[in-house]
Amino acid sequence: MTSIGLAQIAIVLLAVIVAAIPLGNYIATVLAGERNLLSPVLSPIERVFYRLAGVDPAREQNWLAYTMAMLAFSVVGFASLYALQRLQAYLPLNPQGFSGVPADLAFNTSMSFVTNTNWQNYGGESTMSHLTQMLGLTVHNFVSAATGLAMAFALVRGFSRAESPTIGNFWVDLTRSTLYVLLPLSIIVALALVALGVPQTLQGSIEATTLEGAKQMLAIGPVASQEAIKELGTNGGGFFNANSAHPFESPNALSNMLEIWALLVIPFATAFAFGHAVFDYRQGRAIAITMMIVLVAGVSVAYWAEAGGNPLLTEIGVDPSPGNMEGKEVRFGPAMSALFAASTTGTSCGAVNAMHDSFMPLGGLVPLFNMLMGSIAPGGVGAGLYGFLVLAIIAVFIAGLMVGRTPEYLGKKIETREMKLAMLAVLIYPLSVLAFTGVSVMLQTGLASLNNAGPHGLSEILYAFASATDNNGSAFAGLTGNTPWYNTTLGVAMLLGRFAFVIPVLAIAGAFAAKKKGAASVGTFPTHGPLFIGLLLGVIVVLYLLQYFPALALGPIVEHFALLAGKTF
Amino acid sequence: MSHKVAAPGLFDAAITKRAAIDAFRKLDPRRLARNPVIFVTEAVSAVVTAFFVRDLVAQNGAAFFSGQIAAWLWFTVLFANFAEAVAEGRGKAQADALRRTRSDSHAKRLIDPQDKSGMKDVYEGVSALDLKLGDLVLVEAGDLIPGDGEVIEGVASVNESAITGESAPVIREAGGDRSAVTGGTTVLSDGSTFIDRMIALVEGAQRQKTPNELALSILLSGLTIIFLIVCVTLWPLAIYSGAAISVTVLIALLVCLIPTTIGGLLSAIGIAGMDRLIRFNVIATSGRAVEAAGDVDTLLLDKTGTITFGNRMADEFIPVEGVSEHAFGEAALLASLADETPEGRSIVALAKSALGFSTPDLGQEAQIVPFSAHTRISGVDLPGRTLRKGAVDAVAARVKSIPVDFERAVERISRAGGTPLAVSENGRLLGVIHLKDIIKPDIKSRFAALRAMGVKTVMVTGDNPITAAAIAGEAGVDDFIAQAKPEDKLAYIRKEQQGGRLIAMCGDGTNDAPALAQADVGVAMQTGTQAAREAGNMVDLDSDPTKLIEIVAIGKQLLMTRGSLTTFSIANDVAKYFAIIPALFVVAYPELEAINIMKLASPQSAILSAVIFNALIIIALIPLALKGVPYRPVGAAALLRRNLLIYGLGGLIAPFIGIKLIDLAVSAVHLA
């Protein structure tokens with residue numbers, strides 16, 4: 001680890017926090033339906049949308065209606081994306097003449113984009129027509145993130161309201177999230193990326209002459225705009241197969257830092273927005289700090305593991321000082337690769353600037369464990385906040401009992417119903433990740449996709465299902481995912497990770513909104529101080545360690561010890 | 001805290017013996033199904049037992065190990081059952097003592113109470129158990145009161161020490177607030193008696209899970225399902241890794257991970273909480289009420305009898321100008337001679353001690369004017385002298401003029417929190433007697449303790465606002481309701497509840513009933529009316545209103561014990577992983593020996609030690625579950641920090657030590 005590397009990490013994270021605080025303020029006003037600095041420009045456009053869709057923005061929905069609207073929107077999105085892929089051969093804007101996408105891959109891809117996962121089992125340039133890319137995938141980059149933000153705020157309203165039958169209007173939340181938050185931010189980031197040298201053109205490719213004088217076709221296109229929403233919406237689906245490691249997606253260290261900033265800023269801002277929405281700024285700050293601690297811990301472990309180099313290579317005389325550079329871009333180095341890896345899995349982004357598969361075992365453990373924790377540091381757009389709040393509810397329940405009161409979070413009593421729903425949500429992750437991994441390693445068709453044997457192979461499968469369930473979308477690589485088995489099971493895992501998780505969450509929102517808000521006293525323990533942060537960290541670490549320790553022990557942990565003993569897989 | 005009944009020893013021999021037998025009886029899966037964690041443990045114990053039998057028959061050399069695992073898994077279930085049985089046993093002992101009052105009661109049931117021919121007192125002797133709602137019974141001097149009821153005729157002095165422990169007899173009479181009598185039984189419409197219903201709660205027979213217990217059970221069930229998923233999926237992962245593991249060790253891992261500690265102790269904690277309340281001579285109609293007590297934000301306390309001693313004492317004679325203190329004192333003395341109220345007696349006492357009077361004789365002609373609630377005046381008519389004493393406004397209404405210094409004195413007394421009592425002679429004001437409230441000596445520190453708990457105290461008094469403010473200041477309450485009418489209490493409770501606060505109060509009169517019913521925790525006094533007792537959700541047998549404070553602490557203690565043991569139980573799992581995971585896979589991956597940080601002797605001994613620790617910790621924690629985690633009024637943050645340190649961090653570390661020690665013992669005697 002070098003001081004320059006640490007400084008780079010610190011600078012990016014500091015820039016994130018500096019921007020997230022005012023942005024959180026702004027997001028809170030957007031989702032409270034208040035006027036803000038963009039209202040003069042955007043509210044006429046907003047009204048047009050409502051009029052076209054026949055939505056009365058003043059009419060709120062109860063949690064069930066809200067959930068149904070969200071599901072209906074997602075089902076239509078899924079079906080249209082699926083149809084678009086299957087029928088692309090008969091549709092316009094298909095200059096390369098691609099045939100229809102196979103059923104299993106189309107299912108996987110549709111699910112992937114509707115759930116904000118952006119797991120890519122396809123090669124974009126060799127599978128999808130321009131129409132599919134633009135009308136299908138890009139649209140979902142915006143609306144799946146906006147859906148996440150909407151659901152997070154439905155839950156936040158559960159806390160901020162008292163004795164209310166409704167939790168907001170899904171259509172309004174969706175529209176405002178896209179229009180006021182994602183669209184303006186992605187324009188700014190896209191322009192900044194262009195300034196840093198990322199191409200933005202409608203041209204398909206350019207011809208280049210190599211040093212040897214050979215002719216080469218270089219694919220370019222509207223990369224900067226795609227890149228901006230890829231990071232801001234924590235989507236992760238890159239324009240190029242090599243994702244953010246590709247020089248056109250991220251040409252230099254500065255663009256790399258900007259992309260990390262972009263993928264972290266909205267999730268952190270959402271935590272601050274939560275504080276504003278519940279009229280106690282400190283509540284949001286406590287959550288943001290907890291997220292930051294988990295993130296920094298992950299970055300530290302990954303950076304430490306990568307910067308140390310590979311002991312096996314050191315033994316045969318390779319200089320360990322640059323760190324483990326296998327699968328890393330020289331222009332980023334171990335520090336920025338570690339930060340990117342921890343950030344992309346700490347959020348549910350899934351973009352990559354290095355091969356996680358080539359990380360040291362403990363370095364690779366960080367992105368894996370980040371995803372097993374459900375990407376809560378700081379989490380996907382919206383998804384991070386509601387995932388985190390579910391954990392906070394469980395933590396507060398146990399801690400609340402220890403101070404001798406019926407547990408309450410922000411004045412809302414946590415009773416049987418909320419506990420039932422929270423446990424239901426929490427159960428989904430281990431069920432999906434462990435059960436699919438368990439079945440996959442027992443099936444020939446599951447094992448056939450592996451490129452590595454032993455613990456590393458197990459890590460690859462575990463990583464894939466963690467990534468899908470978590471709606472992250474990053475791949476460990478080394479696993480051939482485009483098979484009927486993985487296309488289907490990963491698609492189902494994405495479905496469970498998004499909707500089976502969020503339906504109980506919205507039900508909790510409804511239950512909390514209907515409750516009275518209890519008054520705080522000396523007898524209620526404060527949920528904004530260091531004690532609460534420590535408690536949250538303890539619950540998160542213990543809860544997830546207990547769930548995944550056996551699987552991790554058989555994957556990266558044993559690999560780490562084996563590597564120390566000079567054994568590779 | 002006045003009459004705390006001695007608790008049976010934690011492991012009283014008779015209770016322990018019965019509990020040990022009950023532990024086996026509770027193995028019935030239909031009964032265990034109520035407790036998902038232990039139910040799962042029992043189910044997998046049966047599976048391991050089957051494997052043990054198979055190993056025995058097959059003689060594959062694994063029987064010694066699987067037999068031990070099976071035995072310890074059964075012990076885990078039995079220990080959990082034992083914990084519950086001990087709690088129930090202690091509750092039963094308590095209940096039996098209460099019930100003894102009714103077993104030998106006989107009732108004199110009136111045959112024809114409507115009889116007009118002088119035969120209405122004719123009765124038949126029946127067992128108290130045969131009484132039905134609406135029966136009229138006769139009680140005479142020396143009789144036991146056969147059941148809870150209402151005095152409809154007559155008056156008696158009743159010894160209630162059997163239930164209250166209070167040796168001084170109390171007056172029970174027809175009409176008014178003191179008409180309720182308690183026997184072993186209350187004849188209620190649902191057939192079970194008031195006390196019986198509460199006894200059943202302690203014994204666990206009719207115990208239903210309380211809301212918080214239910215929520216916690218869901219958390220525990222959820223964790224159990226998660227660990228089931230973890231263990232079931234570990235099977236294929238192990239096969240993939242080339243480390244075939246037996247079902248026996250997989251089950252051992254499962255039982256170590258699921259929260260058996262808190263699962264086994266959960267119902268014992270609940271029963272013990274009710275039991276603690278009973279030992280304070282408070283009986284609750286539901287476990288829900290006990291939990292609510294822990295959540296109380298505001299205590300509504302009557303001033304009289306709770307904050308101050310029940311009666312006010314004469315403290316000073318203040319004559320008006322032109323009247324000597326001696327003359328005034330004499331008039332006050334004469335006017336109070338026939339007054340048997342504590343106030344009256346205190347005036348006589350003050351006149352004697354301060355002014356040196358001896359008891360005068362009123363003479364034959366004296367006409368006593370008794371106190372009436374209507375006039376609020378009492379006194380005596382002597383030849384040529386009409387002496388009146390009473391509330392200032394009542395007396396003032398009957399005199400011709402009110403001197404300025406009289407008004408000043410009244411105001412001064414009121415501001416000091418006292419009660420002014422005016423005395424007049426022949427329609428002329430003589431002066432004012434200063435009656436003072438004496439605040440109970442320890443009450444201020446108890447309010448401070450409540451404030452530290454986050455509980456606000458509100459004093460309810462009929463006094464005027466000035467008086468109320470003075471006493472409130474002196475006693476250290478946070479707020480007061482002056483000149484309170486019963487409906488003011490109700491309104492105050494509603495207002496506080498609207499603000500999201502939970503209210504506790506105690507009351508005794510029928511006019512308290514609506515407020516008692518509205519309050520989240522309503523403690524009715526045993527001496528109160530039937531209406532009050534039905535409206536509240538707790539009854540205090542000692543009729544001591546200050547006990548609200550203990551009730552709150554007991555409620556908090558109940559919840560804290562649950563939370564602390566849950567934390568402990570979950571934290572324990574970390575160490576068990578470090579024992580079992582290397583043991584499971586060290587053959588396939590020798591590198592994993594690196595995480596065997598306890599350096600346990602062998603894989604088998606590691607697994608066995610973890611299972612033994614898991615079973616023994618239940619037994620070790622039974623005393624804590626029964627006694628409860630000590631509650632300290634130090635504020636939530638400090639409390640949480642302390643409990644997290646003890647039960648969180650302690651729960652993380654303790655099993656590392658425990659498992660290592662057991663491993664040393666197990667390997668020393670070659671059990672594995």
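In this predicted model, 63 residues of chain B are in contact with 62 residues of chain A, contact meaning heavy atoms within 4.5 Å. Putting the two chains together buries about 5200 Å², and carbon and sulfur atoms give 78% of that area; buried area is the accessible area (1.4 Å probe) that two parts lose on being put together, summed over both. Across this interface the rule finds 1 salt bridge, defined as a side-chain nitrogen of Lys or Arg within 4 Å of a carboxyl oxygen of Asp or Glu. A:Arg405 forms a salt bridge with B:Asp297, with 3.3 Å between the closest N and O atoms.

Residues are numbered from 1 along each chain as its sequence is written, and chains are lettered from A, with ligands numbered from 1, in the order in which they are written. Local features need pLDDT of at least 70 and side-chain atom pairs count only at pLDDT 80 or more, while totals for chains, interfaces and linings use all residues; side-chain values use heavy atoms, with hydrogens and water left out.

Chain B has 22 helices and 20 strands. Helices (H or I, at least four residues) and strands (E, at least two) are DSSP runs, numbered from the N terminus. Of its 672 residues, 56% count as buried; buried means under 20% relative accessible area, exposed over 50%, and partly exposed in between (1.4 Å probe, protein chains only). The accessible surface of chain B comes to about 27100 Å², and 59% of it belongs to carbon and sulfur atoms. Accessible areas come from the Shrake-Rupley method with a 1.4 Å probe; for residues, only the protein chains shown count as cover. Among contacts in chain B between residues at least 6 apart in sequence, 67% join residues at least 24 apart.

In chain A, helix H18 (residues 484-514) has 31 residues and reaches 45 Å from its first C-alpha to its last, close to the 45 Å expected at 1.5 Å a residue. The expected span is 1.5 Å times one less than the number of residues. H18(A) bends by about 30° at A:Leu496, the bend being the angle between axes fitted to the seven residues ending there and the seven starting there. Of the 31 residues of H18(A), 23 are buried, so the helix is largely enclosed by the rest of the structure.

Some loops hold backbone exceptions. Most residues other than glycine have a negative phi, and most peptide bonds are trans. A:Asn471, in the loop between helix H17 (454-469) and H18 of chain A, has a phi near 60° and is buried, with a relative accessible area of 5%. B:Gln59 also has a positive phi, of about 50°, and is found in the loop between helix H3 (36-58) and helix H4 (63-103) of chain B. B:Gln59 counts as exposed, at 69% relative accessibility. The peptide bond from A:Ala377 to A:Pro378 is cis, with omega near 0°; A:Pro378 is in the loop between helix H13 (361-372) and helix H14 (383-402) of chain A.

A:Met217 is in strand E2 (residues 215-219) and counts as exposed, at 53% relative accessibility. Not counting residues up to four places away in sequence, A:Met217 touches A:Ser205, A:Ile206 and A:Glu207. A:Ser160 is in helix H6 (residues 130-160). Leaving aside neighbours within four places in sequence, A:Ser160 is in contact with A:Ala277, A:Val278 and A:Phe279.
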